Amino acid sequence: MTVTIVGAQLGDEGKGGVVDLYGDAADVVARYQGGDNAGHTVVHGGETYKLSLVPSGAVRGKVGVLGNGCVVNPATLFEEIDTLREKGLDPDVRIARRAHVILPYHRVLDGIEEDVKSDDDLAAGTTGRGIGPTYEDKMGRRGVRVGDLLDPDTLRDRLEYVVPQKRALAEDVYGIETGEAFDVDHLYDSYREYGERLAEEGMTVNAGEFLADRIADGENVMMEGAQGTLIDIDHGIYPYVTSSNPTAGGACVGTGLAPTTVGQGEVIGIVKAYLSRVGTGPLPTELAGVEGQTPGYSGDSDAEAEELATYIRDEGGEYGTVTGRPRRVGWLDMPMLRHAARVSGFTGLAVNHIDVLAGLDEVKVGHTYDLDGEERDSVPATTERWGRCEPNYRTFDGWPEVDWSAVAAEGYGAIPENARAYLEYVSDELDTPVYAVGVGPGRDDTVVVERPF
Ligand code: GDP
Ligand code: IMO
Ligand code: MG
């Protein structure tokens, strides 16, 4: 069977940890979209593993698959595999021959396009990994696929067609000087080498066939979504989104497993008990703001909101891992979660980070929105209208700081009563049972209610 892990909000909900938690019963862990824009954390045995491309099952020694829906930067993939090997893991990663390849010019163009868009407040605050430009080329039918790296003639043909177009775009439209990143011979040599390593290590597969065969043999496949529902290209806050489908439908088209196969399994929505956001665009339940990301924010919101935002940010470690930039934070947003639950058909929920909110006198939730005098319980389809939504809050009594390891060991009943009331509200509103509750970053810091496999 399959278990599909989907981010219910804006990314960084703790998907990696849940994949690791349930990964003991999985035989294969497959990513179905995104690329090295993801950063999934697994904390176990005194080690913190940060995974961008290698599926999080690697920490438990499970076979990892990057499905056709992923975009793969071979340079960062090999770097990550080598780093994990130094940490004592032995990642077994298979890559779909249908997956698209990120080339150096995609990263350059990602940066330029963000710069240009920022003049009109349209920049999403991308990770700069070339994700959008690579998916654009995939849809424009001018992409380079992993399978092409294995065949020198095809690789050269593809590059000779596309690279002059990219160079013209960079030089003639954006007026930048191009170098190696736009040079056919250079790209051919380096990507040919990647192809050789992929072939030598037997890393490429026909992913759909590979996964379907495993399932036919009675094995368990975990599908590891990256990003989250509200940054889905179709169902998110366009244009402040990523360029793929993190929602459950993406698990089918992004692996080649049929919807009937994925639909017979479970789909678990990963929920952070509050909101965090890296990037721009509206966020109705945001507390205070972050300059450069929150529209119109210049550090002048009220002192109480600032204090709360700083508290949650510090407790949750909501600072960028690379730049140290503060992340935007906000109260849980139920219209967002209702939308996510409907789009992906969650059969269970994992609610993480309830430990982060401990110690607050009260905890708020955006229960519904008001938009143009009407109350609504889900997100509108345009981002402009979403930006005008005013949350109607519900207030819950806070819960105390407790020994969370002891809670995780004892089980659901040991969770402080007010936190349970909060969890039960979320579960009732979404009509979906809570399968797991995260009370800290480590594998053992989770209250497990149900095991989906
Ligand atoms: P992902 O992208 O969804 O896999 O999430 P990230 O790894 O980017 O971010 C989640 C962060 O929160 C990581 O540092 C995790 O170790 C940590 N984390 C996950 N679950 C919990 C939890 O329940 N409580 C706390 N305090 N931290 C958690
Ligand atoms: P994980 O898998 C949080 C955001 C970026 C930006 C937008 C587009 O760790 O949850 P992109 O580089 O994808 O073109 O950027 O999406 N973003 C994420 N935010 N978690 C992620 O991944 C993200 N991946 C992309 O900040 O707003
Ligand atoms: Mg992350």
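Predicted model: local features only at pLDDT ≥ 70, side-chain atom pairs only at ≥ 80, totals over all residues.
Residues are numbered from 1 along each chain as its sequence is written, chains are lettered from A and ligands numbered from 1 in the order in which they are written, and side-chain values use heavy atoms, with hydrogens and water left out.

The protein contains 14 helices and 20 strands, where helices (H or I, at least four residues) and strands (E, at least two) are DSSP runs numbered from the N terminus. The radius of gyration, taken over C-alpha atoms, is 22 Å, in agreement with the value near 22 Å for a compact globule of 453 residues; the globule rule is 2.2 Å times the number of residues to the power 0.38. Along the principal axes, the C-alpha atoms fill a box of roughly 65 × 50 × 40 Å. Of the 453 residues, 56% are buried, a class defined by a relative accessible area under 20%, with exposed meaning over 50% and partly exposed in between (1.4 Å probe, protein chains only). The accessible surface is about 18,400 Å², 44% of which belongs to carbon and sulfur atoms, as computed by the Shrake-Rupley method with a 1.4 Å probe, where for residues only the protein chains shown count as cover. Among contacts (heavy atoms within 4.5 Å) with a separation of 6 or more, 75% involve residues 24 or more positions apart.

Charged side chains number 40 positive and 79 negative, and the centres of the two sets lie 5 Å apart. In this count Lys and Arg are positive and Asp and Glu negative, while His and the chain ends are not counted; each charge is placed at NZ of Lys, CZ of Arg, CG of Asp or CD of Glu.

The whole structure holds 24 salt bridges, each being a side-chain nitrogen of Lys or Arg within 4 Å of a carboxyl oxygen of Asp or Glu. Lys 15 and Glu 13 are paired at an N to O distance of 2.9 Å, and both residues are buried. Between Asp 20 and Arg 443, the closest N and O atoms are 2.7 Å apart. This pair links distant parts of the chain, 423 residues apart: Asp 20 lies in helix H1 (residues 15-22), and Arg 443 in the loop between strand S19 (434-438) and strand S20 (446-448). Asp 20 is buried at 2% relative accessible area, as is Arg 443 at 17%. Arg 129 and Asp 36 form a further salt bridge (4.0 Å, N to O), which joins the loop between helix H3 (104-118) and helix H4 (131-139) to the loop between strand S2 (28-31) and strand S3 (40-44), 93 residues apart. Here Arg 129 is partly exposed, at 26%, whereas Asp 36 is buried, at 2%. Salt bridges with shared partners also connect Asp 82, Arg 85, Asp 90, Arg 197 and Glu 201 in one network.

Thr 2 is located in strand S1 (residues 2-7) and is buried, at 1% relative accessibility. Beyond neighbours within four places in sequence, the contacts of Thr 2 include Ile 215, Met 223, Leu 257 and Phe 453.

In H4, the buried residues are Ile 131, Gly 132, Pro 133, Thr 134, Tyr 135 and Asp 137. These residues pack against strand S6 (71-72), strand S8 (100-101), H3 and helix H5 (152-173). Just after H4, Arg 141 adopts a positive phi of about 60°.
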